[in-house]
Structures are given as C-alpha cells and as structure tokens.
Amino acid sequence: MRKVAIVGAGMTKFVRRALETPIELAYEAAKMALDSCGLTLKDIECVVLGSAVDAFDGVCMKGEYLSGGAGAWGKPFMRHSVGGGTGVFSCIHGWMHVASGMFDLCLVVAEEKMSCCQPHPQGAFLTVYDSILERPLGLNLLWVVAQEMNHYMITNGLKSEDVALVSVKNKRNALDHPAAMLGADITVEDVVNSEIISWPVHRLDISATSDGAAAIVLASERLAERITDKPVWIAGVGYNLDTWYWTSRDLSYPVYVEKAARMAYEMAGIREPQKEIHIVEPYDPFSFKELQNLEALLLADRGKAAQLTADGVTARDGNMPVCPSGGLLGVGNPISAAALMKVCEIFWQLRGEAGKRQVPGNPKVGLAQAWGDMMQTGTVVILKV
Amino acid sequence: MATKRVAIVGVGYYGFRPVSPEVSFREMIYEAATRAYEDAGLEPKDIDGFVTAGEDWNEGHSIVDELAPDQLGAVKRPVFTVNGDAMHAFVSAYMHILTGQMDICLIESRSKASNIKNLHEITMMALDPIYTRPLDTSPYFIAGLEMNRYLYESGVTREQCARVVIKNRRNALLNPYAGHGARLALDDVLNSDVISYPLTSLEISPHSDGCVVMILAEEKKAEVIRKDPIWIRGVGWCTESYSLERRNWSQSVFTQKAAEMAYKMANIRFPRKEVHVAEVNDEFAYKELQHLEALGLCRKGEAGHLIDEGATEISGDLPVNPSGGCLGVGNLLEATGAQKLLEIVLQLRGEAGRRQVKNAEVGLAHNWRGLPTNSGAVVILSNF
Amino acid sequence: MKMDVNLGGTPIREEDIKEKKVLYTEWIPKARYAWDAGVAIGRFLEELKNGRIIGTECQRCRRIMVPPRLFCELCYTPVNRWTYLGDRGRVRTFCMSRVRWDASRVEEPFFPSVIELDGGKKGTALFHVIRGVDLEHMKVGLRVKAVWKAPEERIGAITDIEYFIPE
C-alpha cells in the first residue's frame with residue numbers, strides 16, 4: 001500500500017461565537033496548515049472537506065458554499081459527512097486520494113459554525129432523528145445520548161463521580177491549548193454539582209457547541225520527506241457504521257468503534273494495542289464517551305477505563321496519555337473541526353511540537369478516533385513517526 | 001496514474017417516475033440494492049466498503065449517513081456518505097479500491113424529490129447567505145443569466161436549445177425506465193412559460209424519484225464475477241467558483257478540467273472520435289450544448305450545429321443522452337450522475353433495448369451538481 | 001510547526017450582535033417535506049390509529065422488528081410475517097430530561113426511554129417517553145404501559161401514544 005503522511009496542520013481558535021464567516025474560518029485553518037509546511041495552494045492537487053451538519057451554518061450544500069475557503073476552486077473537490085465521526089474521517093478520505101496513487105498532495109479541511117443556528121444550535125439536532133417516528137416527540141439530542149450514558153454507567157457499575165474525572169482531566173489539559181475555549185481548573189464536585197441537563201448528564205459532562213475549523217496537508221511518500229523532515233505517517237485507517245435502529249442495539253458498548261479500530265490495527269500491523277499505542281485522542285463530547293471509546297478501542301479492558309482514569313494512567317504524564325489536547329470537553333466542539341483537531345494534536349505530539357501539552361517520553365504511535373451519526377459510526381486513524 | 005484496473009460488475013435501480021408513494025426510501029433502496037447484488041451474483045458480505053451520496057436538505061434529514069447502512073446490508077460495515085453527486089461517491093469507491101485496502105465496493109444514491117414540497121426554497125438555502133440569498137428570488141435566475149451569456153458568446157440559438165428538449169424527451173419514449181417521455185414540437189418548447197429569460201419551463205428538467213446502486217470490483221475479482229465487466233478508463237472531477245461574482249458565465253470550466261483529467265487517464269486524445277456514446281448533464285436544455293463544448297466533444301460554438309445535423313441522435317455519429325437525459329428521465333438530485341453511469345453501463349453491455357447505440361465500446365458519463373454549484377464529474381467507461 | 005502563530009477565530013459576544021456592533025444577515029429556512037411512509041411504516045401508523053403496535057418478524061434471525069421494516073437488515077432477506085406486540089413492556093434504559101428540543105426548560109421532568117415490548121424478542125424495543133414517576137422510582141426493568149389518545153383523536157402517528165406510565 002502506498003504510504004501517506006501528514007506534513008502540515010492548522011486550526012482556528014474554537015469559540016462560542018465567531019466573528020468570521022464559515023468560509024473565513026475554513027480559510028484561516030487551511031492557510032495555517034499550508035504555511036506550516038511551506039506550501040501554497042498551487043501545490044495542492046485536490047481538496048477534501050468534512051463538515052458534519054449543514055443546518056448549523058444555515059446553508060444547504062455546505063460543501064459548495066465552503067469550497068472557496070477550503071481552497072478548492074479549479075481542483076477536484078469533495079465533501080463528506082459521517083456526523084460526529086467526520087473530522088477523523090476527513091483524514092481517511094484524504095488518505096484515499098493520495099494512497100490511490102491519483103494525487104500526491106491533498107488538503108483536508110473541516111469546519112463547523114454552529115452559532116449561526118438561532119436561538120440555539122441544539123434545536124438543529126432535532127432533525128437528526130427519524131422524521132416520522134421520532135421528531136414528533138420533540139426530542140433533544142440529550143434525550144438519546146443520556147440514555148446511552150445511563151446504560152454504560154449501569155452496566156459497568158459507575159457513579160457520576162467516576163465519569164466526572166474525565167471532564168476534570170480534559171479541561172485542565174486544555175488550559176495549555178492556545179485554541180481552547182473550555183479550559184478550566186475544576187474538581188469532581190464541580191462536575192457533579194453542575195446543573196443536571198438530562199440525568200445522568202450534568203452540564204460539565206458536556207462539551208459546548210462551538211465555531212471553528214481545522215486543516216491538515218497530506219503528502220505521498222515521494223514528496224513527504226522533501227516537504228518536512230518529520231512526516232507523520234498514516235499507518236492505519238478504519239471506519240464502521242452500525243444500524244440506524246438504535247433501539248435494537250446494546251447501547252453500553254459501541255461495537256462499531258471496536259470494528260473500526262480492528263480495521264485500523266490490521267492495516268497498521270498492530271497486535272497489542274495497549275502496548276503499542278502511546279497516546280490516544282478518543283472522541284469526548286461527553287465525559288463518559290472517553291471511557292466507553294477507550295474500551296471499544298481495546299485500549300482499556302471492558303469496564304476498566306474509569307479505573308485507569310482514577311489511577312492517573314490517562315493523564316499527560318501517565319502511561320497512556322488520553323486527550324492530552326484537552327479534547328472536546330476542554331478545547332470545544334465544532335463537530336468536524338473538533339475531531340480533526342484530535343488528528344492535529346497527535347501530529348504535533350509525535351513531532352514534539354505540542355508545547356506545554358507535550359507528552360513526555362517521545363511518543364511514536366498515536367491514535368485519533370471519532371464517533372457520530374445516531375451513536376452509530378466509529379472512525380479511527382493511527383499515526384506513526 | 002492508476003496501476004490497477006477497476007470495473008463495474010453490478011447495477012440495480014428503482015424508478016424513475018415523478019412520484020413513488022408506494023415505497024419509503026428504505027424500501028426503494030432495498031429493491032435497487034437487491035437487484036444490484038443479483039446482477040453481480042454477490043451478497044452483502046462480499047462487499048468491502050459502501051459509499052452513499054446525499055444532501056441533508058434534500059432528504060429532510062440531518063446527517064443522512066445515519067440512514068445509509070440498513071437497506072444495503074451494510075450494518076456494522078465500513079460505510080460513509082459523500083455530500084455530493086453519486087459520481088463523487090463513485091470516484092471515492094474507485095480510489096478506495098485503488099489503495100488496495102478494499103477490493104469490492106458498493107455505491108448508492110437516490111432521489112425522493114417528490115417528498116420535497118418547496119424545492120426552490122431549499123435550493124435557495126444553497127445560495128450565499130450574505131451576498132445572494134437576501135435577493136430572495138428563485139435560483140433559476142442563475143440559469144437564465146448563464147444561458148443568456150452562453151448563447152451570446154457561442155452563437156447557439158434558442159431553437160437549437162429547444163431541439164435538445166425534443167430529442168431527449170423523444171429518446172425517453174424508447175426507454176422503459178424514463179419517467180418523462182414525450183413527443184414535443186419546437187413551438188411547444190419555445191412558447192412554454194418563460195421562467196428566467198431566456199429559459200422556458202419546458203427547457204427545465206422535471207424531477208423524478210428513484211434509486212441507483214452500483215458495485216465496483218478490482219480487476220481479478222471483476223473477471224471472476226462476470227464475463228462482461230465494464231472498465232473504468234478515466235475519472236475526473238472539479239469544482240469551480242461557487243461565488244456568482246467570480247464565475248465564468250458562459251463556459252462550464254469545471255467540465256473542461258474534469259474532462260481533461262479523465263481523458264488523460266483514459267489516454268484519449270480525440271474525444272469526438274474515441275467516445276461512442278455520451279450521457280451529459282442536460283438539467284437545462286442549453287446545458288447539454290454547453291457541456292458538449294466543454295467536454296471537447298465539439299469545438300466552441302459548434303454544439304448548435306451538432307443538434308441541427310442530428311449528430312447527437314441515437315442514430316447519429318455521437319449519440320448524446322440516448323436514455324433521455326435529465327429532461328427525459330428526470331432530475332434525480334444527487335442520484336443524477338448515477339443514472340448517467342447506469343445508462344452508459346447498459347449501453348456498453350448491449351442491454352439498452354430500443355435505444356441501443358450500435359457498436360458502443362467507449363462511453364462517457366458526465367454530470368453537473370445543479371444550481372447553484374459549479375461542480376461535477378466525468379467518468380469514461382469501456383467494455384474492453 | 002509550533003502553535004505560536006496568531007490563530008484565526010475571533011470570539012464575539014451575544015451583546016455585540018444585540019448592540020449591532022457586528023453586522024449579520026438573518027434567514028428563516030422554509031423547508032417542507034412530505035415523506036412517503038411506504039409499506040412498512042404505513043401499516044405501522046395505520047395500526048397506531050387502531051390502538052395497536054405492529055412489527056415484522058425475520059424468521060431466519062428469529063427477531064421481531066419495531067419499527068417494522070420489509071426486510072431484515074442483518075440477514076438481508078425480505079420478511080413476510082407481521083406480528084402484533086403488546087402495548088406494555090419493560091424499560092431497557094432511560095434518562096431524565098428537563099429540556100425540550102429547543103433547549104427550553106420543562107418544569108416536570110420526564111423520562112425518554114427505550115421500552116422492550118411484550119411479545120417481542122431481544123431487541124424489539126420502542127423509543128418513547130415515560131411520565132408519572134420520579135427519578136427515585138425509575139429503574140431499568142420497570143414495567144410500563146402505553147397511554148393512548150382517545151380513538152377519535154388518533155391520526156396514525158407515534159403521538160397517538162401520548163406517553164407510557166408505570167403499570
């Protein structure tokens with residue numbers, strides 16, 4: 001298989017409400033990614049855009065609308081969406097372009113401007129549900145995800161305090177992230193005393209809707225080493241989608257994340273993930289998701305992720321740092337940009353460029369994962385230097 | 001370029017008619033996919049990856065990827081959705097096979113345009129919210145502006161555009177899957193209501209519902225699956241200026257670039273001679289002519305002559321839209337490109353019945369994403 | 001490349017908009033759809049109007065599916081048996097909500113739940129809302145029953161069941 005590397009990355013600040021238009025946000029991230037590896041748009045041969053939901057930015061055919069900001073005019077351009085899994089999938093879609101042998105240089109951009117949706121972006125989530133059988137019930141996104149959280153916690157015998165540790169860790173990690181919007185020094189008590197939005201979800205268990213964009217530049221093996229002296233190789237990719245009929249599924253365990261992970265591990269030749277993966281950026285829009293995803297990624301034994309967190313294994317200086325960036329809980333949640341931010345984080349960490357967030361010990365292998373649709377899809381990327 | 005050959009080994013479809021109240025979109029897709037599996041002699045477990053094409057606002061559902069897997073037998077499998085034309089899903093599947101991670105992929109896209117009660121207002125949501133949407137007018141104005149400039153620069157006449165409607169809707173009468181076959185006269189078209197001068201209502205494709213599913217396979221597997229795989233010779237896709245202020249108002253530049261990319265891959269130097277049949281986007285009648293020029297299938301300004309001479313009739317030397325095109329089959333939203341691919345596959349297999357183009361060995365499918373975009377793709381197929 | 005560059009993304013506040021310190025355009029999307037229910041859901045809705053819940057059965061997989069579909073998505077074969085289910089069942093999972101879809105607050109909390117219906121097999125479950133119970137008494141396994149609208153008020157929609165209550 002042809003080797004593909006990430007050679008540059010960029011992102012905007014994640015903010016509650018941005019002054020920039022969606023097109024400008026995409027541009028800022030794309031420009032920073034290009035500048036970071038000394039390339040210009042002329043060098044780029046194709047562009048891939050990932051954006052989760054059109055409704056937030058208030059446009060239809062969002063890919064076309066953003067195409068200028070993503071540098072796509074005059075080039076082969078495509079946009080995809082796998083809901084929350086989009087940001088990591090955008091790296092995979094870009095990988096397809098280069099690994100196919102058709103292109104050598106691909107720009108991948110992810111953007112989301114959720115604040116456009118008034119009076120509150122949450123309202124747009126109504127439309128992700130079944131038009132005939134679910135929407136008439138007037139559901140909020142939390143009505144469904146909170147059920148998954150409850151099921152996970154009950155199945156694994158966890159209390160709110162066990163899960164709250166993730167919010168505490170990630171928000172603290174985010175204090176060192178220049179683009180973060182939710183960095184904070186909080187305690188477990190703060191989390192469990194915060195307002196109950198949809199029991200068992202507390203306000204501080206959730207990452208807020210945000211605006212932002214991120215971008216990476218992918219290069220074929222032939223060019224990667226000419227562009228940068230430390231290309232970060234895409235060693236494995238995997239993605240998997242479960243049935244729409246979520247009421248027929250076991251919500252305590254995202255088996256589709258495990259399948260996506262196995263697909264990526266197979267491609268990367270990884271047999272013992274817990275030993276071979278040094279840092280992890282799993283998707284954490286809710287505190288319990290980090291734990292549940294770690295287990296499905298086979299990086300923690302079933303039901304044991306909470307204990308690993310309590311033991312400090314997943315802290316930045318622990319044996320397996322998880323969300324050293326601060327994750328969605330700490331940095332912010334412009335859906336697709338947030339997941340691509342995780343890929344960028346692994347990129348910077350493996351190159352030793354993560355500044356104050358740098359994980360010690362020269363990590364060589366990192367994994368970024370996202371989750372999306374109706375609690376249905378897992379997307380996984382494994383990076384190596 | 002590509003070192004591995006990939007072929008289309010199965011096609012299935014449902015439709016294409018103006019309404020489809022008898023089935024939900026799931027039931028429609030299930031039938032189309034079942035037919036595609038049957039056509040290829042495969043089962044869902046033989047497929048390595050699935051790609052669908054769809055736009056949220058056209059389905060009335062956010063994150064249409066959620067709805068993808070069940071009808072395809074793709075539960076707990078690799079699936080993703082491209083928010084673009086079916087041809088974008090097609091080239092994504094093609095690239096994924098070229099990487100070597102997958103050998104057999106399935107693509108799906110559909111239209112339930114009949115379920116959208118105010119399509120114009122939804123298309124307006126695709127206009128720039130700051131510069132264009134506040135003008136609060138139907139997006140057809142963009143087509144009218146472009147047609148006007150195109151006629152002015154190319155010398156193509158309104159009558160020649162009207163002939164495209166007549167040709168395509170008559171072709172559709174020969175096509176059992178086309179939903180809008182009709183015998184029209186020149187005056188019918190020219191005198192129909194002016195929607196956005198000089199574009200008249202009969203020059204605008206009506207919509208249809210339907211679904212198309214295709215299965216692609218890499219060379220070795222393709223040759224085992226069927227004795228007449230349809231080979232992908234070249235692909236190209238491009239997006240030009242989305243902004244109205246910066247676009248080229250007479251030429252389809254994205255088509256030129258996509259075609260160049262595809263011809264280069266396919267090693268085609270003289271398209272007019274080497275392409276035997278073409279399915280070209282004709283969502284608005286003038287578009288067929290504009291796209292023919294951009295595809296290099298005739299010189300600039302010559303497309304009008306082609307239609308006058310009958311060169312693009314099924315019996316002509318460059319049959320264009322033997323299926324009836326968008327005008328005759330119906331505009332299928334994101335599935336439009338898939339219908340064009342479907343027709344070329346049927347033509348190259350010799351399964352096109354009364355509309356069969358004789359001795360067709362190399363076919364070209366082209367699509368434009370529709371208003372207000374400047375995006376589309378070109379795929380070149382052959383049966384050898 | 002270190003992140004010591006000036007990052008894009010300029011935060012603004014709600015007040016900046018209210019006080020018109022930044023320019024903006026507004027648009028209210030008009031999007032109207034009439035989704036074809038098709039055969040399976042069409043029948044499901046019709047039966048709801050009659051005060052009954054119906055599903056389809058896949059004999060190969062030995063599963064009963066609600067909402068019904070004409071094909072089993074797991075073994076990919078068409079189904080041909082319709083089965084009535086009870087309008088009672090047990091809670092598989094639940095949460096408690098105080099917000100509506102638009103983030104507006106609701107005074108009396110209610111419980112969005114996945115309810116395994118009587119007469120079904122593993123996985124035969126409906127999503128609906130449970131009322132008339134408080135968090136202390138709510139649990140997985142609680143038995144609940146549907147509260148239907150009066151027959152003349154039913155239109156063939158999921159809301160023909162108003163909510164579920166403890167049995």
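Let me start with one term: a residue counts as buried when its relative accessible area is under 20%. What I am showing is a predicted model, so please keep that in mind throughout.

Now to chain B, and one residue in it. B:Trp368 has a relative accessibility of 3%, so it counts as buried. B:Phe284 is at 0% relative accessibility, so it is buried as well.

How are the rings of these two placed? A:Tyr152 belongs to helix H5 of chain A, residues 141-156, and A:Phe288 to helix H11 of chain A, residues 287-296. The two are 136 residues apart, so the pair links distant parts of the chain. A:Tyr152 and A:Phe288 are both buried.

Back to chain B. B:Phe284 and B:Trp368 also make a tilted aromatic pair, with 5.9 Å from centre to centre and 55° between the planes. B:Phe284 is in the loop between strand S9 and helix H11 of chain B, while B:Trp368 is in strand S10, residues 362-368, so the pair ties together parts that are 84 residues apart in sequence. Both rings belong to one aromatic cluster, made up of B:Tyr140, B:Tyr150, B:Phe284, B:Tyr286 and B:Trp368. There is a charge here too: the charged end of B:Lys287 sits over the ring of B:Trp368, 4.2 Å from the ring centre.

Next, a helix. How far does helix H1 of chain A reach from its first C-alpha to its last? H1(A) covers residues 22-36, which is 15 residues, and it reaches 21 Å. That is close to the 21 Å expected at 1.5 Å a residue. The buried residues of H1(A) include A:Leu25, A:Ala29, A:Met32 and A:Ser36. An α-helix has 3.6 residues a turn, so residues three or four places apart point the same way. The buried residues of H1(A) pack against several elements of chain A, among them strand S1 (4-11), strand S4 (105-113) and helix H14 (335-350). Just after H1(A), A:Gly38 has a positive phi of about 70°.

Strand S7 of chain C, residues 125-130, has six of its six residues buried, so it is largely enclosed by the rest of the structure. S7(C) pairs with strand S6 of chain C, residues 105-117, in the antiparallel sense, over six bridges. Within that pairing, C:Ile115 stands opposite C:Leu126.

Last, the contacts between chains. In chain B, 62 residues are in contact with 57 residues of chain A. These two chains bury about 4,900 Å² between them, and 61% of that is on carbon and sulfur atoms. On the chain B side, B:Glu66, B:Lys76 and B:Gln101 lose the most area to chain A, together 13% of what that side buries.

Chain A also meets chain C, with 55 residues of chain A in contact with 51 of chain C. Here about 4,500 Å² is buried, 66% of it on carbon and sulfur atoms. In chain A, the residues that lose the most area to chain C are A:Arg17, A:Leu133 and A:Trp143, together 15% of what that side buries. Between these chains, the charged end of C:Arg69 sits over the ring of A:Tyr245, 3.4 Å from its centre.

Conventions
Residues numbered from 1 in each chain as written. Chains lettered and ligands numbered in written order. Predicted model: local features only at pLDDT ≥ 70, side-chain atom pairs only at ≥ 80, totals over all residues. Heavy atoms only, no water. Buried < 20%, exposed > 50% of the residue type's maximum accessible area, 1.4 Å probe, protein only. Helix = DSSP H or I, 4+ residues; strand = E, 2+ residues; numbered from the N terminus. Pairing = 2+ DSSP bridges. Phe/Tyr/Trp six-rings, centres within 6.5 Å; stacked < 30°, edge-to-face > 60°. Lys NZ or Arg CZ within 6 Å of the ring centre and 35° of its normal. Expected span 1.5 Å × (residues − 1). Contact = heavy atoms within 4.5 Å. Buried area = accessible area lost by both parts, 1.4 Å probe.
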